[in-house]
Amino acid sequence: KVNITINGSEVSVDNNLTVLEAAKLQGIDIPTLCFLKDINEVGACRVCVVEVEGARSLQASCVLPVRDGMKIKTHSKQVRESRKEIVELILANHNRECLTCVRNKNCELQSVADELGIQDIRYEGAKRVGTIDDFSHSIVRDSSKCILCGRCVNVCKKVQTIGILDFAERGFNTTVGPAFNMSMNDVPCIYCGQCINVCPVGALREKSEIEMVWDALDDDSKHVIVQTAPAVRAGLGEEFGLPIGTRVTGKMVSSLKKIGFDQVFDTNFAADLTIMEEGTELLGRIKNGGKLPMITSCSPGWIRFCEFNYPELLDNLSSCKSPHQMFGAILKSYYAKQKNIDPKDIFVVSIMPCTSKKTESKRDEMEVNSLRDIDAVLTTRELARMIKEARINFTELNDEEFDSALGEYSGAGVIFGATGGVMEAALRTVADVVTGEDIKEIEYTAVRGIEGVKEANVVIGDITVKAAIAHGTGNARKLLDKIIAGEADYHFIEVMGCEGGCVNGGGQPQVSGKIRDMIDVRVERAKALYEEDAIMAVRKSHENKTIQKLYKEFLEEPNSHIAHELLHTHYAK
Ligand code: HC1
Ligand code: SF4
């Protein structure tokens, strides 16, 4: 402990804190624009300056450790003036089209400027010329809005260990982007969108497909089907002011029906289908001496990461398409036939917590008989924009149910959206298949939680499944290096491209640095999914009646010839 004085009051605080943290404990919220705990602690924006007695200049509190006897002022005249000046200088060189920016009303720069009472910018002068890079299918970068905080640079470098973004040039000409000013379309970016999630302003955003979806809805010849990913229900409410971790499944369904989709289905149904295909593939590989460990393939950011960085492990990937792609293929074959609709008239929209899914849906392999599996992918944020545009009063909606044709799903499907969820779902089914019993202990808690790499040996009948789970490509790298070095003998590995899994995907509502510092978003949103699993009557994929019917009437059996044609894929070497 050390004793420090904050604004005249003496307090005793832990000696490993920064001044920013110590002030927060006293109820003082020092503003920041660049700070992100453990990711970006660089003191770059200097909005967090404080006055320290005896120091020659103001100090950035986010990187200033407390010292015994320190006397700090957090809102003296000098501090207030200085913060204003810093923010005004940022604003002077910022593209201030706030009214038409995707981050309007949800921008950290806008909030800080407002909180500091800035009503006038005294430093109008030269402005950096911005460029917009919208060549990729997933991410748009607008350098005219970048404030050079470095958050995206460090999340990409330190958390994802990819390093696509960096600072270039110097002084007034400094920019952030891929090396040699390349487009994000031409670099090994995995489109995880983690950089979007930490961007305090509108410099990074998803490539919007909203207009395409409105056009399809307005076209009477189209039968427009929407499917929602497991994690969307755990995030969407935040866009309407509900607390982080509020589960809004029923309101989400209701809003989609009000928007006018012809059918509203749940990607969870296809998650159950994936478990049937992937579980069978795993048991086949174990029995027949196939390539092990088998690694899950539902996270397209992870797939790109593997293709670029670990091509020697591509044969380890499950050949299963990701659940929403499987769903698209089923809708344009089985469902079309059942409903007597020409598959060419079916337009499938996936609502995903993910920006990489946009690029995945455009991969050449993701079609059957020249029909794309998926026609448009919207992020959770884009769905919220559509709901607002349609003037639907989201928080007042009554809960509604998914449409019955293919709307049934199990608890196993729901938990796909949290790290460890695909593994747990697979274990629930594999355990029953191997033992021929209806096993009652289905909560595999060893694979839950947000530890970066998780391992579990699960005894099922006479086999022990050696399982491992990694989330975020930085954590995945640790696990993969062990496999390559021959230091691991796992059977089955789950990898998700984003830390925490899809609940923290790059298409989920953006949470400010200030809130992230107080709440672990990954944990709160995951709770919502486990909560939904716990109340489901059916909690194992193979017990989903509609899945059973689908195999009986159409797919024959898991990994059959037709299942391979529709539901499996291959990777780029
Ligand atoms: Fe995911 Fe998946 S769980 S990849 O994390 O396998 O995006 O939510 O939809 O497809 O089901 C994402 C989530 C999602 C797929 C499923
Ligand atoms: Fe890095 Fe992911 Fe952003 Fe690409 S999308 S720049 S990989 S953080």
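Author: The account below begins with the ligand shells and then turns to the neighbouring helices, loops and strands.

This is a predicted model, in which local features need pLDDT of at least 70, side-chain atom pairs count only at pLDDT 80 or more, and totals for chains, interfaces and linings use all residues. Residues are numbered from 1 along each chain as its sequence is written, while chains are lettered from A and ligands numbered from 1 in the order in which they are written.

Ligand 1 is surrounded by 21 residues, of which Ala 229, Ala 231, Cys 298, Phe 416 and Cys 502 are the closest; a residue counts as near if its C-beta atom, placed from the backbone, lies within 6 Å of the molecule. Two elements give two or more residues each to this shell, α8 (267-288) and α10 (323-339). Helices here are DSSP runs of H or I with at least four residues, strands are runs of E with at least two, and both are numbered from the N terminus. The largest contribution to the shell around ligand 1 is that of α8, with three residues. By class, the shell around ligand 1 holds twelve nonpolar residues, eight polar and one charged. In this division Ala, Val, Leu, Ile, Met, Phe, Trp, Tyr, Cys and Pro count as nonpolar, Asp, Glu, Lys and Arg as charged, and the others, Gly among them, as polar.

Around ligand 2 there are 14 residues, and those that come nearest are Cys 156, Ile 164, Cys 189, Cys 192 and Cys 195. Both α4 (151-159) and α5 (194-198) supply at least two residues of this shell. The shell around ligand 2 has eleven nonpolar and three polar residues, with no charged residues.

The helix α8 also packs on α14 (residues 421-435), at an angle of about 55° and with the axes 9 Å apart. Axes are lines fitted to C-alpha atoms, for helices over the stretch in contact, and angles run from 0 to 180 degrees between N-to-C directions. α8 is therefore oblique to α14, since angles under 35 degrees count as roughly parallel, over 145 as roughly antiparallel, 65 to 115 as roughly perpendicular and the rest as oblique. On the α8 side, the residues in this contact are Ala 271, Ile 275, Glu 278, Gly 279, Leu 282 and Leu 283, and they meet Ala 425, Ala 426, Thr 429, Val 430 and Val 433 of α14; contact requires C-beta atoms, placed from the backbone, within 7 Å. The contact of α8 with α14 comprises eight nonpolar, two polar and one charged residues.

In the loop between α8 and β13 (294-295) lies Pro 293. The peptide bond from Leu 292 to Pro 293 is cis, with omega near -5°.

Elsewhere, the strands β6, β7 and β10 form an open antiparallel sheet in the order β6-β7-β10, where two strands pair if DSSP finds at least two bridges between them. Its edge strands, β6 (132-133) and β10 (204-206), each pair on one side only. β6 is joined to β7 (residues 139-142) by two bridges, and Ile 132 has Asp 142 of β7 as its bridge partner.

Notes. Two residues are in contact if their C-beta atoms, placed from the backbone, lie within 7 Å.
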